[in-house]
Amino acid sequence: KEIHIPDLTTLGRVNIGHPRENTLVVRRVFTLLLVITVFVSFDGGAVPATLELIQEEHNISESELGLLGSLPYWGLTIISPVLGGILQRSSQKEVLTLCLVANIVCCVVFSYSSSPTDRGAAKIMLFGSRLAIGLTQGAFIINTPVWIDEMAPMASKTMYMGLVQAAVPIGVVVGYLTAGYVTAAGLHWTWAITLQAMILAPLTLMYLLLPYRYTDNLFTSPRLAGERAALFGVAPVAAPAVKEDEFQAKRGEALKRQETATGLTMQGQVGVLFTNPIFTSITWTLSVLFFVVTGVQYWATRFLVDEFGQEKESVLATFALVAATGPTAGVILGSVVVDCIGGYDSSVAQRRKALIFCQVFAVLATASGVVAGFLEPGLGLVYWIEVVSLWLLLFFGGAIVPAATGIMISSVPPELRTVASGIGQGLYNILGYSMGSLLPGII
């Protein structure tokens with residue numbers, strides 16, 4: 001009697017009853033994740049748009065403004081390694097829902113940071129809530145790429161990864177424009193953050209109401225233990241055929257590998273990840289990219305007004321367009337091209353093609369950054385060359401992110417992907433996002 005082996009690394013890319021086979025529901029869940037990503041990223045644009053008002057109101061220095069921008073990323077750095085293990089052993093929906101509720105509370109606290117008359121208390125609320133916002137964003141940011149790698153259709157996996165990456169700058173721009181219009185209308189800048197909390201509340205409730213089978217990881221969630229056991233008893237049509245006794249042995253080996261991976265200490269898991277050259281090189285590369293991009297997005301408005309002598313209203317409109325269209329167009333183009341050449345994880349040859357694409361666009365992003373960084377400030381044409389250079393930097397950098405993120409996640413065993421995403425996010429945040437906000441303020 002011949003039956004087929006369900007392999008833990010490829011299980012489910014055939015019709016065996018995996019939740020991702022219901023593509024209509026998967027698309028709806030993904031759409032909700034996109035919208036949540038936009039509004040989780042909202043404050044990342046609202047704060048840079050109101051830096052002058054915050055500085056004047058709280059009497060803080062340029063270095064403290066940089067610290068204010070970097071604190072959410074320090075929060076993400078602190079929590080990412082811890083959350084990687086928690087998400088690996090718990091229901092992802094329950095952890096994410098709890099963190100989203102906490103994020104809403106932190107946004108409300110941040111919006112009330114101007115209320116205390118005591119400057120010391122106001123500063124504690126201002127900086128403390130920014131740190132807490134980063135701590136509570138971690139689970140959602142870490143889990144979303146892992147969910148996409150597991151649930152997205154194979155033919156459009158890079159596009160899914162690209163769209164969720166594009167949702168981040170879109171959220172930043174939405175926050176940037178909203179805060180600009182709120183303050184222009186004569187309202188206090190904190191109203192923009194209050195609006196963020198009000199929108200996130202119903203989105204979190206919608207996520208909570210989703211079935212576990214469409215939010216949780218089939219391989220690790222305790223909520224799907226029964227479904228996982230049932231799935232292993234189903235024969236994938238396209239898997240290699242073996243005798244029944246061989247199947248039992250192979251199945252036992254696969255489950256043992258999963259238990260071994262999840263049973264490693266954090267130190268052991270980190271050791272496994274950093275002996276993987278693909279994971280290591282992509283993590284360092286993306287950290288550098290995010291350092292540059294965050295510095296541009298956080299400080300560009302102040303830089304273009306002070307150094308190029310432009311009116312703030314004009315810069316707000318121009319840079320909002322740059323920050324919205326540059327990275328968004330880049331991630332979409334990068335996703336489409338990589339999917340057209342066959343994706344990034346169907347074979348070693350395809351992964352090599354995707355990496356070559358990333359290398360070419362990394363060189364173009366570097367060249368654009370050199371022009372933007374060394375251009376002598378001035379008016380007229382010089383200003384627009386600077387703007388175009390910044391746009392190209394964000395465009396070429398954005399094109400790298402979907403394929404690079406997907407390759408990084410898929411290059412490690414499925415049992416360690418949540419931990420890999422957590423470690424990666426921790427490094428992106430400490431070396432990329434936080435330093436990109438903090439160092440220019442210090443300098």
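Q: Does Phe290 count as buried or exposed?
A: This is a predicted model, where local features need pLDDT of at least 70, side-chain atom pairs count only at pLDDT 80 or more, and totals for chains, interfaces and linings use all residues. Residues are numbered from 1 along each chain as its sequence is written, and side-chain values use heavy atoms, without hydrogens and water. Buried means under 20% relative accessible area, exposed over 50%, partly exposed in between (1.4 Å probe, protein chains only). Phe290 has 9% relative accessibility, so Phe290 counts as buried.

Q: What kind of aromatic pair do Phe290 and Tyr428 form?
A: Rings of Phe, Tyr and Trp (its six-membered ring) pair if their centres lie within 6.5 Å; planes under 30 degrees apart are stacked, over 60 edge-to-face, the rest tilted. Here the centres are 5.3 Å apart and the planes lie at 75°. Phe290 and Tyr428 are 138 residues apart in the chain. The pair is edge-to-face.

Q: Is Tyr428 buried or exposed?
A: Tyr428 is the partner of Phe290 in that aromatic pair. Its relative accessible area is 3%, so Tyr428 is buried.

Q: Which class does Trp384 fall into, buried, partly exposed or exposed?
A: Trp384 pairs edge-to-face with Tyr383, at 5.1 Å between centres and 70° between planes. Tyr383 is buried at 2% relative accessibility. Trp384 has 45%, so Trp384 counts as partly exposed.

Q: Which residues do ring pairs link into a cluster?
A: The count of aromatic pairs comes to 13. Ring pairs link a cluster of Phe357, Phe361, Trp391, Phe395 and Phe396.

Notes
Helix = DSSP H or I, 4+ residues; strand = E, 2+ residues; numbered from the N terminus.
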